Amino acid sequence: MSIARLLSQWHQGLALLCALCIPSMGFAQAQGSGAHLSGMVYDSLNRRPLSGADVHLRRLGDSADSANIEFTAIANERGAFEFSDVAVGDYLLGFFHVSLDSLGVVMPMSQVEVRSGSPISIDLAVPSHEGIIALVCGRNSISDTTGLLMGVVRTAETAVPAQPSVVALQWDEVVIGNGGVHGETRGITTPTRSEGWYAFCNVPVNGAMQLRAAHGADTSGAIVADLMARQVVRRDIYVGPATRIERDSAVVWRGPAQLAGEVRTSNGSAIAGASVSVMRSDAVATTNSDGRFLLTGLPAGSQTLAVRALGFIPARTTVHLMTGAARNNTQVSLTSLKTYLDTIRVTTTRVYSRDMNGFESRRRAGQGHFIDRAQIERRNATLPSDLLQMIPRVEVAQPGVGFFGKRIAFRSAFGKGYCRPDLYVDGVLFRAGDMEIDEIVNPDHVEAIEVYTRPGVAPLQFTNNMSGCGSIVVWLRK
């Protein structure tokens, strides 16, 4: 069933209920003696009672008088509701909650038959993740490898639905075929439905999805959406004006938006000297002593913000850059690289030995490409990626304005495109595409690098079966 049809049914049902609503506080009382109807409203998505739900009970009948009988109740903190003295007849029972609007799906109404004064108990529930997937995509779309991605496209000026719009979804996928194992980039597009809604069914859950939208001349940047199997993920996208500018053989985007913010550590301390930028924009800011920054001339709409600082894990987050009266503010927390790596080492078994973490023994085996400290010093590289330039099947490319460092890809051994390698730093895995080597380490801090450009060549401890690509292994100086 399409979202347009679901929303149409929901609005029709809501209009039918609200057109005849009788305002009330707490539990409504019907006239005369009748049955006591009670129940509970349950939020299956979050596994808890849905307090504050508006529960409606409307009588069905042929006459105008019977059709005008309706009662309302508010579910308490336990999700419980009740109606007293409900007369004999047929009724429709349903509920509304603000969380339902965020889901964009229709809650089915229940038919209740009152035939005597005996108590009646009936429970209502928000569908589970699987229930919503079945409503939107069909029951055959529920699987252990896919999820549902849905949301609304809105304007950056007023936040109203931008209709009609087109939404594009892109992801990297590992393909195993007669030619071997290689990576491919896949993508699909969909037009928005009623009220700006979009939905992507059967989205693979392994890896990050890149999402973008366009409404006429207004666009968004690429934002990330991570999915889990059998789960529903909501991602609203904002589109706004942006001007394309070609500069120094690169394309950048500028616009009327600005962003103010703070960069802090995980314990709340300000980080001075952090670099802050927006993907596809050429605006870059450096935080002051209070950790504050200001970016101007930014393309409006949903964009990806990149923040990096020496000694911290770089962060990328989605920001919605509005152009109306609202000010755009954000706060980003960075995790110390030392704390991150130390925490991992405490909770895992070391995979290296006194022989340079096993580096020398693996170099003697000759299964990969090896760079030691002496070679690093001779090359005098500015970035770690510069050390990989001469290795066969390694492609080093600038990812675009707004990001520090360069992007590393491995050319397939079978001539079928490129794939993204996994990165290991002192044995800690950074999955393919999550972080680039230039974002994490400095050449002065590197003791050695191992590069395995083909799947199945890297040692088992440096092999991620989910990526199907090779690996880059970095050892830091002690």
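## Exercises on a predicted model

Count the bonded cysteines along the chain, and the disulfides follow the pattern 1-2, 3-4. The model is predicted.

**Exercise 1. Find how many disulfides there are, and which cysteines they join.**

Step 1. Apply the cut-off: a pair of cysteine sulfur atoms must lie within 2.5 Å.
Step 2. C137 and C201 pass, with S to S 1.9 Å.
Step 3. C419 and C469 pass too, with their sulfur atoms 2.1 Å apart.
Step 4. The count is 2 disulfides.

**Exercise 2. Work out the handedness of the disulfide of C137 and C201, and say what parts it ties together.**

Step 1. Take the torsion about the S-S bond of C137 and C201: it is about -80°, so this disulfide is left-handed.
Step 2. C137 sits in helix α4, and C201 in strand β13 (residues 197-204).
Step 3. The pair therefore ties together parts that are 64 residues apart in sequence.
Step 4. Check the surface: C201 has 29% relative accessibility, so it counts as partly exposed.

**Exercise 3. Describe the nonpolar cores.**

Step 1. Start with the largest nonpolar core, which has 35 residues. Those with the most contacts inside it are L37, V41, F81, F83, L93 and F95.
Step 2. Move to a second, separate core of 28 residues. Among its members are I313, L387, L423 and M435.

**Exercise 4. Locate the backbone features at P164, D85 and R230.**

Step 1. Recall the background: most residues other than glycine have a negative phi, and most peptide bonds are trans.
Step 2. The peptide bond from Q163 to P164 is cis, with omega near 0°. P164 lies in the loop between β10 (146-155) and β11 (166-177).
Step 3. D85 has a positive phi, near 55°. D85 is in strand β5 (residues 80-86). Its relative accessible area is 29%, so D85 is partly exposed.
Step 4. R230 has a positive phi, near 60°. R230 falls in the loop between β16 (223-225) and β17 (232-234). At 27% relative accessibility, R230 is partly exposed.

Notes: Residues numbered from 1 in each chain as written. Predicted model: local features only at pLDDT ≥ 70, side-chain atom pairs only at ≥ 80, totals over all residues. Heavy atoms only, no water. Core = buried A, V, L, I, M, F, W, Y, C linked by side-chain atoms within 4.5 Å. Buried < 20%, exposed > 50% of the residue type's maximum accessible area, 1.4 Å probe, protein only. Helix = DSSP H or I, 4+ residues; strand = E, 2+ residues; numbered from the N terminus.
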